[in-house]
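Hi,

Here is the structure I promised to pass on, and my notes on what turned up follow below it. Please have a look with the model open beside you.

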Amino acid sequence: MLEQQDAPAITLWGAGTTRTLRPIWVAEELDIKYALNPIGPRTGETLTTEYTQLNPKQKIPFFKDKHIQLSESVAICRYLIRRYGNAATMESPQDIDQQAREEEWLNYIYGELDESALYVIRRHGALSQVYGEAPVAIEAAEKYAIRHLKVIERHLTGKQYLLNERFTLSDLFLMTCLDWVHTYDIPMPQTLQEYRKRIASRPAYQKASAINKPG
Ligand SMILES: N[C@@H](CCC(=O)N[C@@H](CS)C(=O)NCC(=O)O)C(=O)O
C-alpha cells in the first residue's frame, strides 16, 4: 500500500489502466491525501476473497472514503469532485445548463468512446483469450472511434476545453480516452492532438500518470 502523507481517510484500489488513472488524477487535481493499493487487472488481485467482499464486480478502480465505498470510475471521480472540489481546484459547474452539458459530454465519452469502441478493441484484442477473438468487432470499433473523434474534433475546434474555458471531468475522461486512442494507433485529428498536448502539460496529469503504474 502506497501511503500519501499521513493517515488519509481515502483509499483507492487499482493502478496501471486508463480507468484507474482517472480517480488518481482527480485526487491529484484536488490535492487531497489518499492511500493507493495499486492492484492490477488479471493479476489475481481482484479475485481474492478479501477484495471480492469489497467489490463483487472484481474490477478496478475501487474507492473508499470514511463512510462510503464506490466502484465505477465515473462515480468515484464525481464523488471526489463534489465532496472535495472547489473553485481553486476542480468543481462541477454551478449552472444547471452547464451541468447538463458536462453530463452530456461525459456520458458520450464514457459510453461511446470508452465502452463501445476502445474497450471492445481491448476485449477482443489483448484480452481475446478471455473474451474471444473477433477481428470484425475490432475493425468496426476502430471505425466507430474515428467517427466519434470527428464529432469531438468539430466541437473542440477553437475551444480550449469541452466546456470552453473550464477544465471539467469530461475533459479528464476525454484525455484518458485519447491516450488510449494513441496507444492503439487510431488516427487522431490535429485539433485533438493539440488538445491532448495541452492537457498533458497539467502537473496533476503528469503526477497521476507516474503514480498509475501497475503493482
Ligand atoms: N465501468 C468500470 C470498468 C472497470 C473495468 O472494467 N476495469 C478493468 C480494468 S480497466 C478491470 O478491472 N478488469 C479486470 C477484469 O475484468 O478481470 C469503470 O469505469 O470503472
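Predicted model: local features only at pLDDT ≥ 70, side-chain atom pairs only at ≥ 80, totals over all residues.

The crossing of α1 and α9 is right-handed. Helix α1 covers residues 18-30 and helix α9 covers residues 203-211; the two pack at an angle of about 135°, and their axes are 8 Å apart. Angles over 145 degrees would count as roughly antiparallel and those from 65 to 115 as roughly perpendicular, so α1 and α9 are oblique to each other.

Which residues make the contact? On the α1 side they are Leu21, Ile24, Trp25, Glu28 and Glu29, and they meet Ala204, Tyr205, Lys207, Ala208, Ser209 and Ile211 in α9. Sorted by class, the α1 and α9 contact holds seven nonpolar residues, three charged ones and one polar one.

Next, helix α3. It runs over residues 73-84, which makes 12 residues, and its first and last C-alpha atoms are 16 Å apart, close to the 16 Å expected at 1.5 Å a residue. Its buried residues are Ser73, Ile76, Cys77, Arg78, Tyr79, Leu80 and Ile81. What do these buried residues pack against? Their partners are the strands β2 (11-13), β4 (62-64) and β5 (69-71), together with the helices α1, α4 (96-124) and α7 (169-183).

Ile60 and Pro61 are joined by a cis peptide bond, with omega at about 5°. Pro61 sits in the loop that links α2 (49-54) to β4.

Two residues other than glycine have a positive phi. For Arg42 the angle is about 55°, and this residue belongs to the loop between β3 (35-37) and α2. For Glu72 phi is near 80°, and the residue lies in the loop between β5 and α3.

Best wishes

Methods: Residues numbered from 1 in each chain as written. Heavy atoms only, no water. Axes fitted to C-alpha atoms, helices over the stretch in contact; angles between N-to-C directions. Helix = DSSP H or I, 4+ residues; strand = E, 2+ residues; numbered from the N terminus. Parallel < 35°, antiparallel > 145°, perpendicular 65-115°, else oblique. Left-handed = near helix turned anticlockwise from the far one by under 90°. Contact = heavy atoms within 4.5 Å. Nonpolar A, V, L, I, M, F, W, Y, C, P; charged D, E, K, R; others polar. Expected span 1.5 Å × (residues − 1). Buried < 20%, exposed > 50% of the residue type's maximum accessible area, 1.4 Å probe, protein only.
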